[in-house]
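Here are a few notes to go with your first look at this structure. Please keep the view open while you read, and take the points in order.

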Number of protein chains: 2
Amino acid sequence: MQQQISVITLGVSDLARSRRFYSDGFSWTPVFENEEIIFYQMNGFVLGTWLTSALERDMQRNGLVGPGAFALAHNVSSQEQVQPLLDKLASAGGELLRAGDAPVHGGFRGYVADPDDHSWEIAWNPAWSIDENGHVTFAM
Amino acid sequence: MQQQISVITLGVSDLARSRRFYSDGFSWTPVFENEEIIFYQMNGFVLGTWLTSALERDMQRNGLVGPGAFALAHNVSSQEQVQPLLDKLASAGGELLRAGDAPVHGGFRGYVADPDDHSWEIAWNPAWSIDENGHVTFAM
């Protein structure tokens with residue numbers, strides 16, 4: 001079986017508000033959008049932002065809540081890029097959770113919540129390579 | 001800025017129980033593990049399963065809850081693979097949320113929750129290509 005995740009789907013309550021965070025904050029361009037879902041082509045998979053009500057219907061699972069016990073990370077290529085991106089995301093509708101600082105395991109990171117309370121880590125991790133297509137490889 | 005997600009980190013309460021779901025259910029092999037985190041090298045990014053208490057400390061955000069308003073999807077290459085994988089994941093500690101059936105937009109999918117209540121969609125989507133490295137490309 002492929003060690004593969006095809007899609008990350010985040011439930012959102014206001015698609016325009018969410019789009020501002022991802023398009024203006026991260027500067028990401030949708031590959032598809034309609035009135036209930038936006039898709040972004042990512043590094044080897046797809047990110048979807050979908051109305052939570054529609055996601056619940058599709059899952060046949062009601063009562064999804066936030067903040068969920070998960071985090072997504074976007075890695076940048078230098079320590080100096082972490083805080084400016086956290087600030088940009090906060091000004092695009094996010095909420096700063098943790099200002100950038102150095103964890104004991106090395107590197108530099110901070111956290112911001114998106115407008116639907118989904119947690120994002122912005123990190124500089126010098127050990128993990130990122131190729132020109134954005135593909136990230138684990139390393140110790 | 002790269003349109004890139006580096007890591008998906010899922011909060012877990014029992015690492016051995018979670019490992020059984022991902023290693024026995026999905027047949028995925030960890031690239032790193034210690035007593036609080038397991039990493040899996042995925043298709044262009046890294047999946048981490050981390051004790052929720054440690055994730056909360058790192059985020060400086062307490063009270064993470066489940067089920068969160070998100071879903072991860074693993075796509076398979078034929079409709080016939082969907083239900084057997086859902087069944088295998090359920091027998092590895094997951095809970096079936098929705099048996100496989102055909103959504104109006106085409107394809108075939110079902111949902112299962114992992115032992116920590118994180119939602120997984122298992123889907124056959126004939127429109128989206130998956131290359132030999134598991135890299136998934138959006139298409140209409």
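1. A definition comes in handy first: an angle over 145 degrees between two axes counts as roughly antiparallel. Please also keep in mind that this is a predicted model.

2. Helix H1(A) packs against helix H3(A), residues 82–91, with the two axes 9 Å apart and an angle of about 150 degrees between them. H1(A) and H3(A) are therefore roughly antiparallel to each other. The hand of their crossing is right-handed.

3. Which residues make this contact? From H1(A) come Arg20(A), Phe21(A), Asp24(A) and Gly25(A), and from H3(A) come Leu85(A), Lys88(A), Leu89(A) and Ser91(A). Sorted by class, the contact of H1(A) with H3(A) has 3 nonpolar, 2 polar and 3 charged residues.

4. Now turn to chain B and look at helix H1(B), residues 15–25, beside helix H3(B), residues 82–91. Their axes come within 9 Å and cross at roughly 150 degrees. That angle is why H1(B) and H3(B) are roughly antiparallel to each other. The crossing of H1(B) and H3(B) is right-handed.

5. To find the touching residues in chain B, pick out Arg20(B), Phe21(B), Asp24(B) and Gly25(B) in H1(B); they meet Leu85(B), Lys88(B), Leu89(B) and Ser91(B) in H3(B). The residues in the contact of H1(B) with H3(B) comprise 3 nonpolar, 2 polar and 3 charged.

6. Next, salt bridges. How many are there over all chains? A search of the whole structure gives 12. One of the pairs to look up is Asp116(A) with Arg17(A), whose side chains meet in a salt bridge at 3.2 Å, N to O. Asp116(A) sits in the loop between strands E7 (108–113) and E8 (119–124) of chain A, while Arg17(A) belongs to helix H1 of chain A, so the pair ties together parts that are 99 residues apart in sequence.

7. Finally, please look at where the two chains meet. Chain A brings 69 residues to the contact and chain B brings 70 residues. About 6,000 Å² of area is buried between chain A and chain B, and carbon and sulfur atoms give 57% of that area.

8. How many salt bridges are counted between chain A and chain B? The count is 4.

Technical notes:
Residues are numbered from 1 along each chain as its sequence is written. Chains are lettered from A and ligands numbered from 1 in the order in which they are written. This is a predicted model: local features need pLDDT of at least 70, side-chain atom pairs count only at pLDDT 80 or more; totals for chains, interfaces and linings use all residues. Side-chain values use heavy atoms; hydrogens and water are left out. Axes are lines fitted to C-alpha atoms, for helices over the stretch in contact, and angles run from 0 to 180 degrees between N-to-C directions. Helices (H or I, at least four residues) and strands (E, at least two) are DSSP runs, numbered from the N terminus. Angles under 35 degrees count as roughly parallel, over 145 as roughly antiparallel, 65 to 115 as roughly perpendicular and the rest as oblique. A crossing is left-handed if the near helix is turned anticlockwise from the far one by less than a right angle, and right-handed if clockwise. Contact means heavy atoms within 4.5 Å. Ala, Val, Leu, Ile, Met, Phe, Trp, Tyr, Cys and Pro count as nonpolar, Asp, Glu, Lys and Arg as charged, and the others, Gly among them, as polar. Buried area is the accessible area (1.4 Å probe) that two parts lose on being put together, summed over both.
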